[in-house]
Amino acid sequence: MLAVETHDLTKDYPVGFFRKRSKRALDGLSLRVEPGEVFGLLGPNGAGKSTTLKILLRLVFPTSGTAQILGRELHDVSMHARLGYLPENPYFYDHLSAGEFLNYAGELFGLEAAVRKQRVERLLERLGLAASRDVPLRKFSKGMVQRVGIAQALINEPELIFLDEPMSGLDPLGRREVRDLILELKAQGKTVFFSTHILTDAEMLCDRVAILNGGRLQGCGDLREILRLGVAATEVVLDNPSPAILKELSPFARSVVWTGELARLEIPEEPDVARALNVALRLGAKIVSLNPVKMSLEDYFLARIEDAPGTASPDDLAAVGRERRGAR
Amino acid sequence: MSRVASVALHTFKESVRERVLYNLIAFALLLIGAAILFGSISVGVEEIILINLGLSSISVFGLLMAIFIGIGLVSKEIERRTIYSILSKPVYRAEFIIGKYLGLLLTLAINTAIMTAGFYVALFYQKRSLSLDDLVVLEAVYFILLQLALVVGLALLFSCISTPILSAVFTFCLYIIGNLLNDIRWFGQETGSALVEKGTAVLYYLLPNFSNFNASAQVAHGESIPPYLLLANSLYALLYVGILLSASILIFEEREFR
Amino acid sequence: MMASDVPALRRIGGRKARWAILTASFLALVPLQYGIDVELRAHSKLEELLYVPSGKILRRLSLGHAGLLADIYWTRAVQYFGRKKLDRARRFDLLGPLLQITTDLDPQLVVAYRFGAIFLAEKPPGGAGQPEAALQLLRRGIVANPNYWRLWQDLGFIYYWDLKDYASAARVFHAGSERPGAQVWMKVLAASVAAEGGEIQASRLLWSEIYRQTENDQIRRSALDHLQALRAQEDLEHLNRLLWQFRQKAGHAASSLQDVVAAGFLPSIPRDPSGEPYKVAPDGRAGLSPHSQIDLRLLQ
């Protein structure tokens with residue numbers, strides 16, 4: 001049984017003063033999320049990521065198409081007992097303290113008082129909020145609110161957790177903590193579905209990703225596959241090479257980028273690396289470092305965004321990979 | 001605890017923390033206390049003035065509280081986006097609406113009780129003793145509570161549809177019209193136009209009739225309200241509130257949160 | 001020092017100076033308001049306005065607070081009456097309308113009928129001198145409160161005292177005595193008034209009852225004054241009879257009451273209820289001492 005399944009999910013919003021025209025926020029989205037994986041929904045701002053999550057959580061109703069979560073239809077509200085949800089830029093009840101709010105969340109899940117108490121304490125501890133248990137939420141910083149948000153998403157020990165932009169507004173330490181938490185959840189066998197526009201985070205966490213742009217799915221697949229498709233290259237960094245040296249090395253290098261006194265050369269072909277090194281050493285260039293370079297998710301992402309719209313499949317990915325290799 | 005009860009208690013606690021509530025109660029109690037002075041200005045009406053002023057204060061301040069908090073019941077949750085973390089949990093939208101309603105009603109009931117207690121303290125101070133006959137005032141207070149139940153229902157319905165300010169205006173207008181329904185109907189009959197007459201008759205039955213619940217003057221003269229009226233008004237309020245809540249639920253179930 | 005943005009204001013000085021000037025501005029309002037008050041008082045017709053002349057319309061607009069509005073209008077009526085009395089006015093034009101509105105708003109506000117009728121019936125400057133209006137008010141009160149027998153009592157009193165219509169008074173007292181809870185003396189009163197010459201007893205019974213019942217100091221005082229006047233009147237009539245007897249016996253009029261005492265008709269010179277001794281007036285009839293507190297004019 002899939003964790004999440006959508007079939008041709010479409011959402012039109014009526015716009016204009018008389019609400020006559022409509023804006024298509026989501027266009028025929030079909031995707032599958034396997035249980036136990038970390039799935040990333042990527043896309044630029046306004047791509048439809050939040051809309052997708054809201055449809056899945058019954059905050060917004062689809063214009064057409066269907067979806068199932070944990071095998072149940074969307075209108076099955078009782079199924080929410082097995083879900084956790086962190087909204088984008090969350091805002092909770094100002095007047096409640098962290099502990100009170102989590103307790104309220106637990107009540108809504110129908111948890112017994114003793115169980116609630118235990119879980120609230122444990123979550124506050126785990127998320128580093130134990131000291132702020134009785135502090136009203138209005139006094140919380142953004143990062144702390146985010147953590148409370150995660151806590152209320154986990155209080156019912158859900159099988160499937162939806163996170164909408166979980167890293168937004170966090171400092172690097174906060175982002176690291178959330179990343180660790182997501183990995184921890186995965187280790188517990190839970191499914192995590194999160195949306196983000198920060199590709200580096202997705203790269204570190206996701207098993208599979210889907211790329212959304214303008215409401216349409218532009219690409220979807222296993223992350224490792226995507227990254228393997230990248231044009232492998234090797235980066236050679238030289239310390240202040242002379243123009244003569246650079247001239248000798250230019251046939252091998254795809255690009256030369258200067259950072260201060262350092263020149264980074266990207267050498268795509270494997271055999272060329274050894275040849276370039278020999279030339280550099282012979283000419284007395286100062287070699288600072290030598291590193292393999294993979295295609296980043298960003299490259300893939302930008303490529304899909306720039307492509308003609310259409311639903312991608314794993315075969316497409318191979319084609320893209322070949323294209324890019326050919327272009328160099 | 002059922003989810004409705006959770007939402008209700010949460011709404012109650014949130015209302016209780018509204019500072020405006022305390023200002024209103026304090027003012028009402030002040031007014032009731034001052035009523036003792038007003039009585040001495042006039043001749044022969046000390047107790048009557050205290051009862052009339054007391055009941056009017058309880059009614060007016062209860063009305064203000066009901067509208068002020070009622071209009072934000074749903075719209076505030078939507079505007080502040082706290083609704084996301086509620087409806088993403090296994091909470092039916094109907095449970096949410098009913099819970100919100102009951103929470104505010106509980107708040108109003110307790111506030112009314114406080115003001116009524118204050119009133120009896122003032123009455124005791126004035127008369128130097130209280131008798132069982134003085135309990136007749138509670139009948140009028142009960143009717144005031146029924147009115148407030150209707151007003152909260154109206155405010156909640158509008159809260160699902162429009163902004164707080166418009167909700168306040170609509171609710172308040174309906175309250176005033178609801179008090180004048182008898183006159184509107186009489187007016188319709190007087191105009192002689194069959195269309196207007198039918199129209200006003202329809203309005204008469206459609207809109208909430210608040211004048212049914214006006215018992216203050218009667219009670220001030222020590223007269224008890226007939227049991228039939230107590231029962232009939234209770235049923236009317238129950239039915240009308242049921243209709244308002246159902247309408248609110250229907251609207252809210254269609255509502256999307258962008 | 002916080003300086004203002006505006007260059008002109010900077011010349012005025014710092015915060016303290018600006019706040020001082022602001023406070024002083026309030027003081028400037030005083031003479032202005034005073035001038036306005038003087039002007040408005042000159043056109044004081046305004047105070048005779050009722051704002052909303054119809055009690056019935058007001059009742060509709062009251063949204064369930066008619067009882068309170070009635071109390072407010074009652075208070076206005078009392079204050080209006082008190083003020084007019086203080087000014088020794090001869091006209092109480094607004095009293096009737098104010099009472100009408102009050103009772104339209106709350107037909108059960110019995111106090112408004114009772115005291116209102118008294119205020120209306122008394123001759124100026126003690127009251128409005130409108131006994132017919134008082135009758136009308138009480139009749140409306142009886143319609144709205146048919147079993148409140150004291151309204152009948154008040155109605156009868158006005159017929160008796162202010163209109164000297166004894167037949168109607170007796171009829172009303174009798175009707176009132178039939179009401180549930182009516183006291184026995186109502187019947188007695190009806191009978192006394194019906195009988196010829198029952199005036200002083202009936203009056204005394206009435207005023208004693210009013211003195212006992214009322215909580216209002218003003219009316220209580222009035223009842224006492226009337227009772228004392230009645231007593232004095234009775235005493236004077238008795239004294240006049242004695243003086244006549246003396247004249248028959250002595251052949252000439254007594255020059256003072258001392259003569260009457262000396263002749264053995266009286267044990268001593270009697271005093272009136274206010275403690276002053278009675279005198280013989282120049283016309284030979286018994287009269288009050290000039291120091292007496294009693295006001296016989298009340299009996300007219």
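Chains A and C do not touch, and their nearest C-alpha atoms are 32 Å apart. In the other pair, 21 residues of chain B are in contact with 17 residues of chain C. Three helices of chain B, namely α3 (46-70), α8 (164-179) and α11 (216-220), each supply at least two residues of the side that touches chain C. Of these, α3(B) gives the largest share, six residues. By class, this side of chain B holds ten nonpolar, ten polar and one charged residues.

**Confidence in chain B**

Chain B has a mean pLDDT of 89, and 98% of its residues reach 70 or more. Among its elements, helix α7 (residues 137-161) of chain B has the highest mean pLDDT, 95, whereas helix α2 (residues 19-41) of chain B has the lowest, 77. Where pLDDT is low, predicted coordinates should not be read in detail.

**Chain A: overall layout**

The secondary structure of chain A consists of eleven helices and 14 strands. Its C-alpha atoms fill a box of roughly 75 × 50 × 45 Å along the principal axes. Chain A has 328 residues, and 39% of them count as buried. Among contacts in chain A with a separation of 6 or more, 73% are between residues 24 or more positions apart.

**The six-stranded sheet of chain A**

Chain A contains an open sheet of six strands with mixed pairing, in the order β6-β7-β8-β3-β9-β10. Strands β6 (83-86) and β10 (216-222) of chain A stand at the edges; each has a single partner strand, so one side of each is left without a neighbour in the sheet. On average, neighbouring strands of the sheet are turned by 15° against each other, direction ignored.

At one end of this order, β9 (residues 208-213) of chain A pairs with β10(A) in the antiparallel sense over six bridges. Within that pairing, C220(A) in β10(A) is the bridge partner of A210(A).

Helix α4 (residues 142-154) of chain A touches β6 and β7 (160-164) of chain A, and its direction makes about 165° with that of β6(A). Helix α5 (residues 172-187) of chain A touches β3 (38-42), β7 and β8 (191-196) of chain A, and its direction makes about 150° with that of β8(A).

Most residues other than glycine have a negative phi. R58(A) is not a glycine, yet its phi is positive, about 65°. N240(A) is likewise not a glycine and has a positive phi of about 50°. R58(A) is found in the loop between α1 (49-56) and β4 (64-69) of chain A, and N240(A) lies in the loop between β11 (233-239) and α8 (243-249) of chain A.

| Residue | Phi | Other C-beta atoms within 10 Å |
|---|---|---|
| R58(A) | about 65° | 19 atoms |
| N240(A) | about 50° | 13 atoms |

A residue counts as buried with 20 or more other C-beta atoms within 10 Å and as exposed with 12 or fewer. With 19 such atoms, R58(A) is therefore partly exposed. N240(A), with 13, is also partly exposed, because its count lies in between those limits.

Notes:
Residues numbered from 1 in each chain as written. Chains lettered and ligands numbered in written order. Predicted model: local features only at pLDDT ≥ 70, side-chain atom pairs only at ≥ 80, totals over all residues. Contact = placed C-beta atoms within 7 Å. Helix = DSSP H or I, 4+ residues; strand = E, 2+ residues; numbered from the N terminus. Nonpolar A, V, L, I, M, F, W, Y, C, P; charged D, E, K, R; others polar. Pairing = 2+ DSSP bridges. Axes fitted to C-alpha atoms, helices over the stretch in contact; angles between N-to-C directions. pLDDT = per-residue confidence, 0-100.
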